[in-house]
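Me: I have a model open and would like to learn how to read its features one at a time. Could you walk me through it?

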Amino acid sequence: MKIGVFGTGGVGGYFGARLADAGADIHFIARGRHLDAIRTHGLGVKSPLGDIHIENVRASAEPAEYGPADVVIVATGIRTNLDLVQDSGVETDEGILVNDRMQTNFPNIYAAGDVACGPDFSGGWSVHAIQPTAAEHGRIAAINMAGGDARYQGSLNMNGLDTAG
């Protein structure tokens, strides 16, 4: 059975590596730094269920290089939709830029979750499209919209994945 995996981040990389380790015919479709890293270092998974390292991973940026697949796993993440604020004056980068109170450059407009480009632990700013960050963004924004003074300390762009089996 030929399996194509679109996206080799936390979810696609994990399941693709598990399937490859079990002997499945896997081809990863990746881009940018994920593709470069896989080609250079292979694909590794560290897990309480057992670590895996796959050498000689078949990976490309073009699905046509692999041909038809019997099964396709799509784990490509999100792309922030900024249409709502286009031409509004709200400052954007990869997402809507916010400060540590989740405020935009307009003091009464807040953004949170997958659309917000906020502080991370590295001291930079990025979109962290993961549920725990979205929930914390929402909590901080709500406190501040209600007149409180809460500050977001930053986060890591990292998913934790637990599976049974």
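**Reading strands, cores and loops**

Reply: Gladly! Let's start with a fold unit: S1, H1 and S2 form a right-handed β-α-β unit. Keep in mind that this is a predicted model.

Me: In which sense do S1 and S2 pair, and over how many bridges?

Reply: The general idea comes first: strands of a sheet pair through backbone hydrogen bonds, either parallel or antiparallel. Here S1 and S2 are parallel, with 5 bridges between them. To find one of these on screen, go to Val5, whose bridge partner in S2 is Phe28.

Me: Now the nonpolar packing. Which residues of the largest core touch the most other members?

Reply: The largest nonpolar core has 15 residues, and Phe28, Leu43, Val57 and Ala59 are the ones touching the most other members. At least two residues of this core come from each of S1, H1, S2, H2 (32–41), S3 (43–45) and S4 (52–54). Another core, of 12 residues, lies apart from it and includes Val90, Ile96, Val98 and Met102.

Me: What does Ala59 touch beyond its sequence neighbours?

Reply: With neighbours within four places set aside, Ala59 contacts His27, Phe28, Leu35, Ile38 and Arg39.

Me: Let's turn to the sheet with S7. What is its strand order, and why do S7 and S9 each have a side without a neighbour?

Reply: This is an open sheet of 3 strands in the order S7-S8-S9, and its pairing is mixed. S7 and S9 (125–127) are at the edges with a single partner strand each, so one side of each has no neighbour in the sheet. Between S7 and S8 the pairing is parallel, over 2 bridges, and Ile96 stands opposite Ala116 in S8.

Me: How should I read the loop between S7 and S8? Is Gln103 buried or exposed?

Reply: For a loop residue, look at accessibility and contacts together. Gln103 sits in the loop between S7 and S8 and is buried, because its relative accessible area is 13%, under the 20% cut-off. Its side chain reaches the backbone oxygen of Pro107 at 2.9 Å. Leaving out residues up to four places away in sequence, Gln103 touches Leu97, Val98, Ile109 and Tyr110.

Me: And where is Ile109, and what does it touch?

Reply: Ile109 also belongs to the loop between S7 (96–97) and S8 (116–119). With a relative accessible area of 37%, Ile109 is partly exposed. Residues up to four places away aside, Ile109 touches Val90, Met102, Gln103 and Thr104. Ile109 and Met145 are 36 residues apart in sequence, and their C-alpha atoms are 8.8 Å apart in space.

Me: Last topic: backbone angles. What is the phi of Met102, and what is the phi of Asp87?

Reply: When you see a positive phi, check whether the residue is a glycine. Met102 has a positive phi of about 70° without being a glycine, and Asp87 has one of about 65°, again without being a glycine. Met102 is in the loop between S7 and S8 and is buried, at 0% relative accessible area. Asp87 lies in the loop between S6 and S7 and counts as exposed, at 79% relative accessibility.

Key:
Residues numbered from 1 in each chain as written. Predicted model: local features only at pLDDT ≥ 70, side-chain atom pairs only at ≥ 80, totals over all residues. Heavy atoms only, no water. Helix = DSSP H or I, 4+ residues; strand = E, 2+ residues; numbered from the N terminus. Buried < 20%, exposed > 50% of the residue type's maximum accessible area, 1.4 Å probe, protein only. Contact = heavy atoms within 4.5 Å. Core = buried A, V, L, I, M, F, W, Y, C linked by side-chain atoms within 4.5 Å. Pairing = 2+ DSSP bridges. Right-handed = clockwise from strand over helix to strand, strands pointing away. Polar contact = N/O pair within 3.5 Å; in protein donor to acceptor, adjacent residues only side chain to side chain.
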